[in-house]
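These are my notebook entries on a single structure. I record below what I looked up, entry by entry.

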Amino acid sequence: MSLSRKKRRIWMLLLGGLGLGSAAALALTAFQDNLVFFLAPSEIAQKHPGPERAFRLGGLVEAGSVRKSVSPEGRPEARFIVTDGPATVPVVYVGVLPDLFREGQGVVTLGKLGDDGLFRASEVLARHDETYMPPEVADALKRTGHWEPEKGAPPPAASWNRLDPQAVEPQAAAGMPRQGG
């Protein structure tokens with residue numbers, strides 16, 4: 001039995017469409033596995049990401065939280081707390097911290113959250129200078145009410161857990177003069 005020319009074209013188009021659809025589905029699946037999401041500590045408390053999922057954790061290093069030691073393998077180990085004000089996440093990182101890493105400074109870490117609530121970072125990125133803040137960290141501070149850019153610079157991280165962002169202006173609490181007024 002011989003297929004007419006019209007039916008052969010239809011079959012070729014259907015097979016081509018099926019092949020393209022399958023390739024697109026495979027590419028999207030592979031792409032989703034490689035996506036790295038950014039989460040602030042408050043979002044981690046709400047979403048509870050699984051231990052198999054790598055993501056970026058961003059916020060400020062809580063003042064007084066950095067503890068440095070040596071891992072059992074003899075490598076430098078740092079434990080610190082990342083906060084966005086309302087929530088905190090303990091972090092452990094094995095490796096050399098960036099030179100600009102400091103308490104009270106912005107940080108973005110890449111890693112996985114363990115079942116015990118400890119974020120195991122495989123990479124730590126610190127802010128570039130006094131005025132730079134990663135966009136993700138700035139967005140998290142704005143969402144939690146700890147920073148209103150039109151009112152000036154963000155308050156130091158050490159003051160976050162003591163402030164009610166609705167009751168006290170962040171600059172006044174940090175001892176900074178108000179800008180523009």
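I looked up Glu43 and found Glu43 in helix 2, residues 41-47. Helices (H or I, at least four residues) and strands (E, at least two) are DSSP runs, numbered from the N terminus. The model is predicted, so that local features need pLDDT of at least 70 and side-chain atom pairs count only at pLDDT 80 or more, while totals for chains, interfaces and linings use all residues. Residues are numbered from 1 along each chain as its sequence is written, and side-chain values use heavy atoms, with hydrogens and water left out.

Is Glu43 buried or exposed? Glu43 is buried, because its relative accessible area is 17%. Buried means under 20% relative accessible area, exposed over 50%, and partly exposed in between (1.4 Å probe, protein chains only). I then listed the contacts of Glu43, leaving aside neighbours within four places in sequence: Phe38, His48 and Arg143. Contact means heavy atoms within 4.5 Å.

Next I turned to strand 3 (residues 67-70) and strand 4 (residues 76-83), which pair in the antiparallel sense over four bridges. Two strands pair if DSSP finds at least two bridges between them. I noted that Arg67 has Arg79 in strand 4 as its bridge partner. The two strands form a hairpin with five residues between them, and Gly74 in the turn has a positive phi of about 90 degrees.

I also examined Glu77, which is placed in strand 4. Glu77 counts as buried because its relative accessibility is 14%. Not counting residues up to four places away in sequence, Glu77 touches Arg67, Lys68, Ser69, Val70, Ser71, Val92, Tyr93 and Val94.

I searched for aromatic pairs: rings of Phe, Tyr and Trp (its six-membered ring) pair if their centres lie within 6.5 Å, and planes under 30 degrees apart count as stacked, over 60 as edge-to-face and the rest as tilted. The count comes to two aromatic pairs. One of them joins Phe80 and Phe101 edge-to-face, at 4.9 Å centre to centre with 65 degrees between the planes. Phe80 lies in strand 4 and Phe101 in the loop between strand 5 (88-94) and strand 6 (106-113), so the pair ties together parts that are 21 residues apart in sequence. Both Phe80 and Phe101 are buried.

Finally, I looked up Leu18, which has its place in helix 1, residues 5-34. Leu18 counts as exposed because its relative accessibility is 56%.
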